[in-house]
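Here is a short briefing on one chain. Look at the model first, then read the notes below.

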Amino acid sequence: MLKILSYKKIILGFFIFLAVGSGFLIPTLKFSFDFSQFFPTGDDDLYFYEAFIKDFSTDDNFLLVGIENEPDIFKKDFLLQCEAFATDAKNLPFVTDVVALTNLSYPLKTSFGYTKIPVLHSKDSTKYQSDWKKIQEDKLFIKSFIAKNASSLSFFLETDDNLDYKQSITLLDSTRSLLKKHQLDNNHLMGRTSFYEAMVDMQKRELTVTSAISLVLVLIVLFIIYKRVAIVFITLTSIFVALLIFLGTLAALGKELSVLAAFYPILMLIVGTSDVIHIFDNFLEKLKAGIPKKSAIVQALKEVGISTLLTSVTTAIGFLSLLFSKLIGIRDFGMNAAIGVIIAYITVVFFTSALVLTFSNKRLLPKKRETSFWKNNLLKINTFTKTKSKQIVLVSILLTLICLYGLSLVNTNYTFKTSLPNNSKIAADFQFFQTNYSGFRTIEIAAQTKGDYLITDYKIAKEIEKVNQKLQAIATIDNVRSVNSIFKAFNKANNLNKSEFYSLPNNEKKFNSYKKDANRYAKKQLNKLVDSTQTKTRIIANVLDIGTDSLVKTYGNIDNYVAKNIDTTIIDFRVTGKGMLMDKNAAYIQGSLLQGLLMGLLLVGIIMAFLFKSYKLVFLSLVPNMLPLLFAGALLGFLKIPLDAPTSIVFAIVFGIAVDDTIHFLGKYKIAITKGLSKEDALQTTFIETGRALIITTLLLFFGFMVLLFSIHTPSLIIGLLISSTLLTALLLDLLLLPVLIRKFM
């Protein structure tokens with residue numbers, strides 16, 4: 001290592017070159033928010049959906065526009081503005097159709113054939129009262145195109161499938177301009193495109209804010225600890241270079257930053273600084289002892305560098321345990337975070353060590369003589385673990401039992417709204433459609449006939465109607481649309497447009513005549529709901545955001561109804577759609593999380609057994625690190641925080657970082673033992689030489705993750721609280737329980 005560091009100028013130049021090159025690549029980083037990132041890969045329902053959707057458009061190819069007016073919408077000027085907006089909206093980029101109360105009409109059969117009666121006579125204010133009475137009587141458009149209290153209208157803009165970020169922004173900007181043109185300022189937008197815009201904006205904001213606050217935090221903590229500008233400069237420069245190289249690497253690999261990207265700067269700053277503190281503490285002690293600078297840094301790297309390498313590897317393994325997740329977004333985060341941890345370690349070992357050698361001892365060593373504060377208090381903790389060992393073990397057992405109970409309370413009933421930025425326009429818009437309409441989320445039922453039956457056969461239509469009625473009977477589901485809606489509309493049209501006739505005709509002859517009419521007058525609507533072979537159809541409805549577990553129960557309720565009440569020899573029904581696939585994550589999060597952590601524990605155990613060459617030390621290292629994981633789970637249970645995809649990364653972070661303190665403690669203990677010290681003397685030396693660094697790095701981690709309290713993303717805020725409190729628990733266990741276990745089993 002001494003020979004390598006003799007080329008310090010080349011090392012510094014190489015890392016600066018990488019950092020500058022990365023700086024040019026960073027602007028090419030892409031931000032994305034794609035619902036498919038949270039679909040469970042390898043799932044049968046995903047394969048089915050991907051095959052089924054080829055015959056239809058996606059179920060999220062729309063933009064809802066809600067427009068309010070006080071006290072109600074029945075004002076001529078307002079309705080004419082809305083009508084003009086609906087007409088012009090058809091020319092918006094990527095919009096294929098616009099459906100609104102201002103352009104909807106009732107079909108009516110007359111002696112001269114079918115005619116159309118406007119649902120809302122916008123231009124004739126004398127008919128507003130009768131129009132509203134008819135709308136209330138039919139109930140077909142309430143909570144779909146008009147609020148129940150008539151305070152707003154909703155416009156359904158159908159769009160091309162799977163618009164990317166640029167296309168989404170183009171559509172939203174054009175829509176807002178058009179609304180402004182028609183002076184419809186009290187509006188709400190909701191759809192895949194608006195989510196895309198809001199989430200990417202939030203990602204950029206989170207990445208900037210968390211980076212800035214974390215940087216200031218590290219600056220303050222380092223200055224308080226070392227009181228030397230040179231050390232603060234070296235550390236921040238090293239971490240900044242590592243962060244640049246990491247982000248540049250992600251850009252070079254073509255990675256897209258998801259909503260979890262806000263954690264990257266925190267991880268790089270905090271984990272990297274932790275490595276620096278452990279090496280610096282050892283290095284400065286050697287400088288104080290009069291060891292030459294080059295020899296001091298080499299010895300520090302030999303003594304602490306191995307432990308730091310091991311902690312970096314175990315932290316990386318903690319993140320890599322996320323590769324067992326079925327969610328692409330979580331897997332990508334795990335891989336990217338692991339890459340970041342390794343880059344931070346390599347930068348600290350080579351760049352930081354080389355940079356240290358460019359400063360004189362005078363600039364590195366503290367001006368004032370250090371007090372015995374740390375030594376005295378750390379020795380008191382050591383004495384406490386010796387005299388109160390039974391109490392420590394009993395408290396640990398009691399805490400474990402409490403945590404196990406709390407873990408049993410964990411639920412996965414998270415809502416979609418929690419993923420939205422707090423106090424944002426999109427959160428308010430989401431709530432508007434939740435309160436006044438049937439929500440933004442959709443539920444889709446796929447149907448496929450068997451044998452020679454067609455979707456448009458009367459016998460099949462009656463089976464479809466059973467499912468329609470079941471969906472309408474569920475309180476949280478509304479606005480059910482199916483191919484039967486067309487046939488029921490023709491039946492109503494043939495019976496003087498009376499509401500009670502909005503149903504399937506009571507005989508097959510009438511049905512077949514309406515089917516002919518539908519093929520002639522409503523071909524476009526039929527094609528949206530029936531495939532070209534007429535053997536597949538879709539039933540679409542809106543569902544309120546009532547929580548994942550509740551929605552999964554709803555899906556099961558529908559499946560049970562189909563199994564018991566539908567003739568499955570002629571037609572199959574299956575719940576599908578993007579919403580269902582996202583909700584299904586709940587079934588996989590816990591399983592993949594447990595599988596990943598067990599694999600992570602196994603790999604860490606193997607690595608530590610290889611390095612420590614003591615199975616007892618491996619056992620001792622894993623015991624105090626299982627409890628923090630249980631503690632994190634128990635917090636979720638007791639605080640009634642639903643376990644969702646983003647929150648699941650808490651366990652990987654806690655496991656990866658919490659084990660670091662244990663490794664440093666055991667590493668120093670082993671070195672002391674190999675020097676011939678007794679067990680008690682070795683523990684005392686370990687507390688004095690490692691305890692300070694453990695406490696400082698954990699406090700740095702604690703406040704580092706508390707930075708997430710400034711987040712506008714609820715899952716990120718929760719993650720920050722969970723990790724911060726759990727890492728404190730891990731430190732207490734390492735300082736209190738680990739010495740007790742060493743005395744008992746070593």
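Helix α8 (residues 229-252) has 24 residues and spans 34 Å from first C-alpha to last. That is close to the 34 Å expected at 1.5 Å a residue, where the expected span is 1.5 Å times one less than the number of residues. This is a predicted model: local features need pLDDT of at least 70, side-chain atom pairs count only at pLDDT 80 or more, and totals for chains, interfaces and linings use all residues. Residues are numbered from 1 along each chain as its sequence is written, and side-chain values use heavy atoms, without hydrogens and water.

**Helix α8 and its end**
- In α8, 18 of the 24 residues are buried, so the helix is largely enclosed by the rest of the structure. Buried means under 20% relative accessible area, with a 1.4 Å probe and protein chains only.

**S22**
- S22 sits in helix α2 (residues 8-25).
- S22 counts as buried because its relative accessibility is 6%.
- Leaving out residues up to four places away in sequence, S22 touches L244, I245 and G248. A contact means heavy atoms within 4.5 Å.

**Whole chain**
- The chain has 26 helices and twelve strands. These are DSSP runs: helices are H or I with at least four residues, strands E with at least two.
- Of its 746 residues, 56% count as buried.
- Among contacts with a separation of 6 or more, 81% join residues 24 or more positions apart.
- The C-alpha atoms fill a box of roughly 110 × 55 × 45 Å along the principal axes.

Note on methods
Buried < 20%, exposed > 50% of the residue type's maximum accessible area, 1.4 Å probe, protein only.
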